[in-house]
Amino acid sequence: DEIRNVSGLTAEGEKFSSWPVGINPPFEPHTRFEVLRWDYFTEEQLFSCADGSPKCELRGIDKADVSNIIETAVEELNKKYLPILQLQKEQLVNGYRRFDPTRGMEYTLDLQLQVITQKGHSRSITKRVYLVRPLSNIEIIPMPYVTEATRVHIILPISVHEREQAIRFIEQYAVNTLESNENAILTLLFIYDPFEAQRVNQNDIFSSVKAKIMDCERKYPESKIPWISVKTDSPCQLKIMDVISKKHPVDTLFFVAGINMEVNFEFLNRCRMNTINQWQVFFPIHFQEYNPEVAYHNQPLPLTIDLLKDSGHFDRDFFDAACFYNSDYMAARGRMASDVLENEEILETLDLYEMFVRYSNLHVFRAVEPGLRQKYNQRMCNPRVSEEIYHHCVQSNIQALGSRSQLAVLLFEQEQGNST
């Protein structure tokens, strides 16, 4: 009823809503090869058999399916016409069914029925009915309102080995967001080890990155790129986010980025739309570019890399990129406080993804994201994390080398060279 009421307010009106209500409309073939086949059956025989025979006995699950659908059809007809008319099945005249991958199993039945009136008169009629056995139950899920006007706070942790990549990230950020006045702000997190932190006044290892920040702020005077320094000998996502979280309001939308990622407005919009406060966090699966020495072996490097199977893949083993609200992070961290008291090392063994899965009731939404790309670079896998997270990091590095065919070509050339 709710779907009918809402569909009546649309431009097309209620008459254009699909049947049954809430089920996807039927599949529409674009060529004759996509036309779905109807299978004919009776109560005893099936005229489309698994072994290719033109006719076979109806038995097993198929017989139970036909019996159930006929019984359901008669029940629904009686719900519609009782108490004026009572319908009883005499026989199935014709039966047709087909599987529609977009909605489920469809049935067309020609039923011979005996109709009995309230006065006791009866007669035999034939009526055609249509039924659908849907793939799943219909459920209306309330979704909170989201908007593309929310500011995204991009968080970029930087270690001493990532200074050159950080400079490239800032340059790319300036082109993609500052020039277009995108509603986003970049915050850099410089990670010092205890020895480097003591020498920061004499020899700052991140001086080149900070100089790039100053150049960028001079070029775009209305924009600021804040940065935070952290001293730790065991950097991990949760400890880093603890520092960031305390310095931002609870309604802040974070995007934790990777050092080799290219962030554009299309992805930032999807980050906003897919992250819902107190409802859902978003872990995008970025497009990882292959090692150019492997993917373009003995070929000139292209100026732009297209999203193709030979240029990269969607990295399902990478969980570091995340979009979430600060309030949701604080709530999840609060739930794991007792476990941290018992075992403080849990902060180092868990990442953001595992934390939200274990310690929150939020929807953890994970999907491929073509608007988020990452340049090839071998990641430093932290051996102090859990075995599963470490395995994902190693697999991510291996998968990023190249496709199987590209690696096979290199091995073949190497073996040919060794044989000569």
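Visitor: Where does Asn298 lie, and what makes that place a loop between two elements?

Guide: The loop that holds Asn298 runs between helix H8 (292–295) and strand E13 (312–314). The elements on either side are DSSP runs numbered from the N terminus: a helix is a run of H or I with at least four residues, and a strand is a run of E with at least two. This is a predicted model, in which local features need pLDDT of at least 70, side-chain atom pairs count only at pLDDT 80 or more, and totals for chains, interfaces and linings use all residues.

Visitor: Why does Asn298 count as exposed?

Guide: Its relative accessibility is 66%. Exposed means over 50% relative accessible area, buried under 20%, and partly exposed in between, with a 1.4 Å probe and protein chains only. Asn298 therefore counts as exposed. The phi angle of Asn298 is near 60°, a positive value in a residue other than glycine.

Visitor: Why is Gln278 called exposed?

Guide: The relative accessible area of Gln278 is 62%, so this residue is exposed. Gln278 sits in the loop between helix H7 (265–274) and strand E12 (280–289). Phi of Gln278 is positive, near 60°, and this residue is not glycine.

Visitor: What makes Pro226 partly exposed?

Guide: Pro226 has a relative accessible area of 32%, which puts this residue in the class called partly exposed. Pro226 belongs to the loop between helix H5 (207–219) and strand E9 (227–231). Leaving out residues up to four places away in sequence, Pro226 touches Ile185, Leu186, Thr187 and Leu188, where contact means heavy atoms within 4.5 Å. The C-alpha atoms of Pro226 and Ile213, 13 residues apart along the chain, are 8.7 Å from each other.

Visitor: Why does Arg98 count as buried?

Guide: Arg98 has 16% relative accessibility, so this residue counts as buried. Arg98 is part of strand E4 (residues 85–100). Apart from neighbours within four places in sequence, the contacts of Arg98 are Pro26, Leu36, Arg37, Trp38, Gly104, Met105 and Glu106. For Arg98 and Leu36, 62 residues apart along the chain, the C-alpha separation is 7.0 Å.

Visitor: What kind of peptide bond joins Leu82 and Pro83?

Guide: The bond is cis, with omega at about 5°. Pro83 is placed in the loop between helix H2 (60–81) and E4.

Visitor: Why is the protein described as more spread out than a compact globule?

Guide: The protein has 14 helices and 15 strands. Its radius of gyration is 31 Å, well over the 22 Å that the globule rule gives for 420 residues, so the protein is more spread out than a compact globule. The radius is taken over C-alpha atoms, and the rule is 2.2 Å times the number of residues to the power 0.38. Along the principal axes, the C-alpha atoms fill a box of roughly 105 × 65 × 50 Å. Of the 420 residues, 40% are buried.

Visitor: What makes a space a cavity, and how many of 30 Å³ or more does the structure hold?

Guide: On a 1 Å grid over the protein atoms alone, a cavity is a set of points where a 1.4 Å probe fits but cannot get out; a pocket is an open set with protein on both sides within 12 Å along at least five of seven lines; and lining residues have an atom within 4 Å of a point. Points are joined across faces, edges and corners, and a volume is the space filled by probe spheres set on the points. The structure holds 1 cavity of 30 Å³ or more. The largest cavity is lined by Ile154, Phe169, Gln172, Tyr173, Met261, Glu262 and Val263. Helix H3 (163–178) and strand E11 (261–262) are the elements giving two or more residues to that lining, and H3 gives the most, 3 residues.

Visitor: What is the volume of the largest pocket, and which residues are closest to its centre?

Guide: The volume of the largest pocket is about 1,300 Å³. Among its 48 lining residues, Glu162, Pro235, Asp320, Met380 and Asn382 are the closest to the centre. The largest share of the lining, 5 residues, comes from H13.

Methods:
Residues are numbered from 1 along each chain as its sequence is written. Side-chain values use heavy atoms; hydrogens and water are left out.
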